[in-house]
Amino acid sequence: MRRAGPADRDAIIRFLEARVETAMFPLSNLRQHGMNGGHPRAMKFWLHEDGGDLAGILGVTEAGMVMVQLPETCPAAAGALSGLSLIGLLGPSGPVRAFEAVAGLGELPRTLDRDEPQFALDLADLRVPDGEALLVPLAAAPRETVLTWMRDYQVEALRTSPDAAGARAGEAYDAYLAADSHRVLVVHGTPCAMTGFNAELPTIVQIGGVYTPPPLRGQGFARHAVALHLDEARRRGVGRATLFSASESAARAYSAIGFEPIGHYTLCHFDGPQVAP
């Protein structure tokens, strides 16, 4: 594999756009932060070529998150990232697990390691639940309530240590406000659930950060929040959406508004930065 340069940008975009539903993170990061560094999500790429054609890509953020878009059999990936400080792996499960094995990353300690079912939806088929509810921007919801939810989400969904969860929640809150990426569902004046887009392109969005506090679960608030946010995106011309499901109950909620399974996606966070062998 070889390190990509600026002249490869268009080819990288074409390759990833052909796999857009599993490539939202690298595409969105590339679009927003480029390849020149200076931001934790700025991208570096390594290219796997076969007979002169681009056949696979490894993306690595400046922070060290690896984003895998490789064939499941790719011996050339061995050693491609040797010596780099990495914080985790993301991508379609088959390629991620194959890369993890060939790159010798399987024994690195981790705090999160899940293969989650991935779903997709043509927004023309979106089903918005009935019921009185208002979806408001994050800035219009009570700040301390949202920060509490986000701290709990860090611990529950991302396996962040309680000691670090508060700081990470605060950083995420500021980023979500700046990007206007998240919404809160309000029912009869009470905030009930949160949803957001963790990657966006002009034609497709990726849902993330969905959270309902435990006392309010099982009442359909999360699915209502997601559906209303997607309806908002649909009205501005977005045609498709994708997401990953961390539980069977979440999968049922997403299926209820029209999502269909398309595969599995791996989310792996190492226990602190780890040097690739």
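**View 1. Y211 is a buried residue**. Its relative accessible area is 4%. Buried means under 20% relative accessible area, exposed over 50%, and partly exposed in between (1.4 Å probe, protein chains only). This is a predicted model: local features need pLDDT of at least 70, side-chain atom pairs count only at pLDDT 80 or more, and totals for chains, interfaces and linings use all residues. Residues are numbered from 1 along each chain as its sequence is written, and side-chain values use heavy atoms, with hydrogens and water left out.

**View 2. F25 and Y265 form a tilted aromatic pair**. The structure holds five aromatic pairs. Rings of Phe, Tyr and Trp (its six-membered ring) pair if their centres lie within 6.5 Å; planes under 30 degrees apart count as stacked, over 60 as edge-to-face and the rest as tilted. Here the centres are 6.5 Å apart, with 55° between the planes. F25 lies in helix 2 (residues 24–33) and Y265 in strand 12 (residues 260–275), so the pair ties together parts 240 residues apart in sequence. Helices (H or I, at least four residues) and strands (E, at least two) are DSSP runs, numbered from the N terminus. F25 is buried at 14% relative accessibility. Y265 is buried too, at 2%.

**View 3. W149 and Y211 also form a tilted pair**. Centre to centre, the rings are 6.3 Å apart, and their planes make 45°. W149 sits in helix 4 (residues 143–158). W149 is buried, at 5% relative accessibility.

**View 4. F25, F244 and Y265 make one aromatic cluster**.
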